[in-house]
Each structure stands twice: as C-alpha cells, then as structure tokens.
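Work through the following exercises with the sequence and the model side by side.

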Amino acid sequence: MSRLRSLVKLALVAVALCLVATPVAAQSLNRAAIDELNTQLLYVALPLTLFVELVLFYAIYRFRDNDDPKPTTDDPALEITWTVATAVILVFVGISGYYVLTNPYLTPAVAAESGDDAADMEVEVVAYQWGWEFRYPEENITTQNRLVIPQDRDVRLVMESEDVIHSIYVPDLGVKQDIFPTQEQVARTRATETGEYDLYCAELCGTGHSRMNGQVVVMSQSEYDAWVDAKTSPNGSATAVSATNNSTATASAS
C-alpha cells in the first residue's frame with residue numbers, strides 16, 4: 001500500500017508541476033497558435049493519463065493474489081458514461097484542432113479563399129539542391145541561406161523549387177511548408193521576438209540534404225531599415241566587395 005501511495009503522490013506532483021509551469025513566450029503568431037493547442041491538449045491528456053494509471057495500479061494491487069477470477073458483470077450505465085465522455089473529448093480535440101488549422105498563418109489558403117491574404121511584405125523563396133535563395137522584390141535584394149525579416153510585420157513567403165521536392169522548416173517560428181517543382185507554395189508568418197532562428201529542409205532531397213540549412217534573422221524595424229540601406233547603398237556594396245577581396249587575398253597569402 002505504501003508503494004502505491006508513493007506512486008500516486010509522484011503522479012500528482014508531476015501533474016502539478018506541468019500545470020503551474022510557465023511556458024516560454026512564442027516567437028511568432030504561428031508558434032503561439034501551435035503552443036496554445038498543445039497546452040489545451042495537455043490539460044485534457046494529463047487527467048486522463050493519471051486516471052488510467054491509477055486504475056491500472058489499483059487493479060494490479062487489488063487482484064494480485066486472485067486465484068479464482070470471475071467474469072465482470074454488464075454495467076450499461078458505466079459503458080454509456082465512458083462512451084459519452086470519450087465522444088465529448090474527441091469533439092473538443094476536433095474543434096480545437098480545426099480552429100488552429102484554419103489559422104491564416106498556418107494555412108495561408110484559408111486567407112486566400114477569404115480574400116484576406118494581404119501582407120506587409122513579400123519574400124520570394126527559391127529552394128534548390130542544396131541551398132536557399134531569398135529575393136526581396138521591393139528592396140531589390142537577394143540573399144543566400146539567410147532570410148532577414150522585420151519584427152511584428154506580416155511576411156508572405158512565395159516559394160518555388162528549381163529541382164526536387166523541398167520543405168522549409170523553421171521550428172522556433174512554427175513555419176513548415178513543402179515546396180514542389182513547377183508549383184507556387186505560400187507560407188505566412190509574423191515574428192514577435194527578435195533573434196536568429198535555424199532553418200532546415202525537412203524533406204529528403206538528395207545527397208546534400210543534411211547541408212541544406214539556413215538562418216532566419218528577425219530584426220527590429222529600425223535595424224531592418226538599416227540593413228536594407230546597407231545592402232542597397234553604393235558605399236555598402238563597395239565595402240562588401242572590398243572585404244571579400246581582402247579575405248581572398250589573405251587566404252591566398254596564407
């Protein structure tokens with residue numbers, strides 16, 4: 001009995017810690033929607049898990065020395081109760097999942113169908129074996145393997161593949177979208193926290209798949225404007241070329 005009580009106490013402590021733990025702030029609206037769904041499902045799953053485990057431990061303890069087991073009797077009330085409870089839980093999970101799947105940041109097609117797919121800025125993403133190219137049409141800038149976006153602005157990613165199927169995946173921002181050849185795919189995000197986040201290809205695309213990584217850099221609006229100015233100004237380009245030539249000369253001398 002003491003061992004059973006200890007297990008019950010440990011289970012209750014674990015549940016309490018999960019319930020009172022403060023989740024880390026989401027870095028984007030995409031991630032916030034996903035985290036909110038996970039939290040809702042966790043609050044449903046934890047009590048159910050605890051209940052099932054307690055019943056299991058009780059049955060193990062209560063009938064551990066039962067040498068003459070007898071069949072259980074029918075209990076229509078109990079059967080109806082657990083059937084209704086299961087149906088209610090499944091309806092709750094279905095409704096919660098539906099609202100997340102219809103989020104325009106997770107399913108851009110929903111916003112397109114409703115005519116509400118306008119964004120503050122648009123970036124063209126080209127995936128190829130094995131790298132990423134990001135084009136900024138309004139700023140006339142192109143970057144390799146490094147996506148730079150401003151904080152708190154809706155960004156629309158218009159993506160295409162030059163060869164095989166790729167998949168852009170930024171876990172911290174909750175962005176994941178397959179990219180097919182000859183087809184235009186769209187993803188949206190709105191980053192709320194500045195910083196650098198890892199970007200991966202999540203679709204096996206050939207021998208160089210493991211090297212197809214990149215970064216997403218989220219800047220404040222002022223930092224982003226300064227970055228654009230540095231990329232587009234003649235002095236900024238000359239400085240970049242000079243730095244590149246100096247690096248090449250140093251490498252050759254060594």
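**Exercise 1.** Which element gives the most residues to the lining of the largest pocket?

*Solution.* The structure is a predicted model, in which local features need pLDDT of at least 70 and side-chain atom pairs count only at pLDDT 80 or more, while totals for chains, interfaces and linings use all residues. Residues are numbered from 1 along each chain as its sequence is written, and side-chain values use heavy atoms, with hydrogens and water left out.

Begin with the lining, which consists of Leu48, Phe51, Val52, Leu78, Trp82, Ala85, Thr86 and Ile89. The elements that contribute two or more residues to this lining are α2 (29-62) and α3 (76-101), and α3 gives the most, with 5 residues.

**Exercise 2.** Describe the aromatic pairs, taking rings of Phe, Tyr and Trp (its six-membered ring) as paired if their centres lie within 6.5 Å, with planes under 30 degrees apart counted as stacked, over 60 as edge-to-face and the rest as tilted.

*Solution.* In one of them, the rings of Tyr98 and Tyr99 have centres 5.9 Å apart and planes at 70°, so the pair is edge-to-face. Tyr98 and Tyr99 are both exposed, where exposed means over 50% relative accessible area, buried under 20% and partly exposed in between (1.4 Å probe, protein chains only).

Turn next to Tyr136 and Trp227, whose ring centres are 5.6 Å apart with planes at 65°, so this pair is edge-to-face. Because Tyr136 lies in strand β2 (residues 131-136) and Trp227 in helix α5 (residues 221-232), the pair ties together parts that are 91 residues apart in sequence; helices (H or I, at least four residues) and strands (E, at least two) are DSSP runs, numbered from the N terminus. Tyr136 is buried at 1% relative accessibility, and Trp227 is buried at 14%. Finally, Tyr136 and Trp227 form one aromatic cluster together with Tyr224.

**Exercise 3.** How many disulfides does a search of the whole structure find, and how far is the sulfur of Cys201 from the closest cysteine sulfur?

*Solution.* Recall that a disulfide is a covalent bond between the sulfur atoms of two cysteines; here the criterion is a pair of cysteine sulfur atoms within 2.5 Å. The search of the whole structure finds 0 disulfides. For Cys201, the closest cysteine sulfur is that of Cys205, at 3.9 Å, which is too far for a bond. As for accessibility, Cys201 is buried with a relative accessible area of 6%, and Cys205 is buried with 4%.

Key
1 Å grid on protein atoms, 1.4 Å probe; cavity = no way out; pocket = protein on both sides within 12 Å on 5 of 7 lines; lining within 4 Å.
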